[in-house]
Amino acid sequence: MSFLTTPRGPFDLANQNQYFGGWPMVDGAVTMAFPVEGWRTSAAVMLREDGGRITGEVVGTKGKEAEKAWEQALAAVSLDFDGEGFAEVGRRDAAIGELQEQYHHLRPSLFHSPYESAAGFTIGHRIQISQARRIRTQMAETHGEAIRVGGTVQHAFPRPQELLKIDDFTGLSSVKIERLHAIAQAALDGLLDRDALRALPSDEALNRLQTLPGVGPFFSQGILMRGAGLSDAFTDDDLTVRAVKALAKLPDSAGLPEVLARAETWRPYRMWCVVLLHVWYRGQPGIGPGLRGGGRTAAQKAGRAKPHG
């Protein structure tokens, strides 16, 4: 099935994939394969940009399931949000405006679903990023659905029903397997529904996510921000705070209230601005490896941090 949308606000699909997605290109299209929320099937979605419009071809399913897959693909590149006002933030804050121009109005890229983000964070806990990526790929190839797209075969991450059947997997401890089972069951029970998580106040959504085994304040923020996706929230992790101080030329001694005050001018796109800041700041000279990947606040380490609403 084919779909079409016109982005609301500036958008560059190739730029989006370059910075965050890393999705494969098949026949000139950015191609995503994933379980469709509702968990009856999996699909692949091929996205192309043509004349300012985004076209999509859904492979592997049809009807209502194809429509859901299309909506998930749009959410993965933040095209389900109205970005018309994002440029206005750059006019209010010239420094943000410069970053918007430099990075072509880059938007957040998300996991295909909160379910996949929860599984991804659990798999990646205390191991290298490359190792976690390899495990996810192998799980998709051995337990996910294979979808033929053009001359290639794309593998979706296992649907929750299939994840529940995995009792042993190379590279994963028995504790991680148990936690993945809990995530799979939570997805089937509706606990990880994207629309439901977005509709909740942030603190309530985070509390809900922290009922999952192994999911504390840090992972719950990741699931909410990179799985469900919010356009207007501010997380006070080390990287974000330092990036705001650098952008605003605030002294190191500046406190969180001063950082939050600067971010107030970014409403209702604070998280989009945070994404720009992360990309920019990680590329600055002298940024240590610990902060390149993000950092936890003292509050997060103490188990009480949450996004600022």
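Mentor: Happy to; what follows is a set of questions and answers on this predicted model.

Trainee: Are helices α5 and α8 roughly parallel or roughly antiparallel to each other?
Mentor: Helix α5 covers residues 114-124 and helix α8 covers residues 174-188. Their axes come within 10 Å and cross at roughly 175 degrees. Angles over 145 degrees count as roughly antiparallel. So α5 and α8 are roughly antiparallel.

Trainee: How many residues of the contact of α5 with α8 are nonpolar?
Mentor: From α5 come Tyr115, Ala118, Ala119, Thr122, Ile123 and Gly124, and they meet Lys176, Arg179, Leu180, Ile183, Ala184 and Ala187 in α8. In this contact 2 residues are polar and 2 are charged. The number of nonpolar residues is 8.

Trainee: What word describes how α5 lies to helix α11?
Mentor: Helix α11 spans residues 217-228, and the axes of α5 and α11 come within 8 Å. These axes cross at roughly 140 degrees, and the crossing is right-handed. The angle therefore makes α5, relative to α11, oblique.

Trainee: Which residues of α11 make the contact with α5?
Mentor: On the α5 side, the contact is made by Pro114, Ser117, Ala118 and Phe121. Counting both helices, the contact has 6 nonpolar residues, 3 polar and 1 charged. On the α11 side, the residues are Phe219, Gly222, Ile223, Arg226, Gly227 and Ala228.

Trainee: Is the crossing of α12 and α13 left-handed or right-handed?
Mentor: Helix α12 (residues 238-248) and helix α13 (residues 256-264) pack with their axes 10 Å apart, at an angle of about 70 degrees. That angle is why the two helices, α12 and α13, are roughly perpendicular to each other. As for its hand, the crossing of α12 and α13 is left-handed.

Trainee: Which residues of α13 make that contact with α12?
Mentor: The α12 side contributes Val241, Val244, Lys245 and Ala248. The residues of the contact divide into 5 nonpolar, no polar and 2 charged. From α13, the partners are Leu256, Val259 and Arg262.

Trainee: Which helix holds both glutamate 88 and arginine 91?
Mentor: Side chains of opposite charge can pair when their charged atoms come close. The structure holds 12 salt bridges, and glutamate 88 and arginine 91 meet in a salt bridge at 3.0 Å, N to O. They lie 3 residues apart, about one turn of the helix, in α3.

Trainee: Where is proline 268 placed?
Mentor: A cis peptide bond joins arginine 267 and proline 268, with omega about 0 degrees. The place of proline 268 is the loop between α13 and α14.

Trainee: What is the phi of aspartate 27?
Mentor: Aspartate 27 sits in the loop between β2 and β3. Although aspartate 27 is not a glycine, its phi is positive, at about 50 degrees.

Technical notes:
Residues numbered from 1 in each chain as written. Predicted model: local features only at pLDDT ≥ 70, side-chain atom pairs only at ≥ 80, totals over all residues. Heavy atoms only, no water. Axes fitted to C-alpha atoms, helices over the stretch in contact; angles between N-to-C directions. Helix = DSSP H or I, 4+ residues; strand = E, 2+ residues; numbered from the N terminus. Parallel < 35°, antiparallel > 145°, perpendicular 65-115°, else oblique. Left-handed = near helix turned anticlockwise from the far one by under 90°. Contact = heavy atoms within 4.5 Å. Nonpolar A, V, L, I, M, F, W, Y, C, P; charged D, E, K, R; others polar. Salt bridge = Lys/Arg side-chain N within 4 Å of Asp/Glu carboxyl O.
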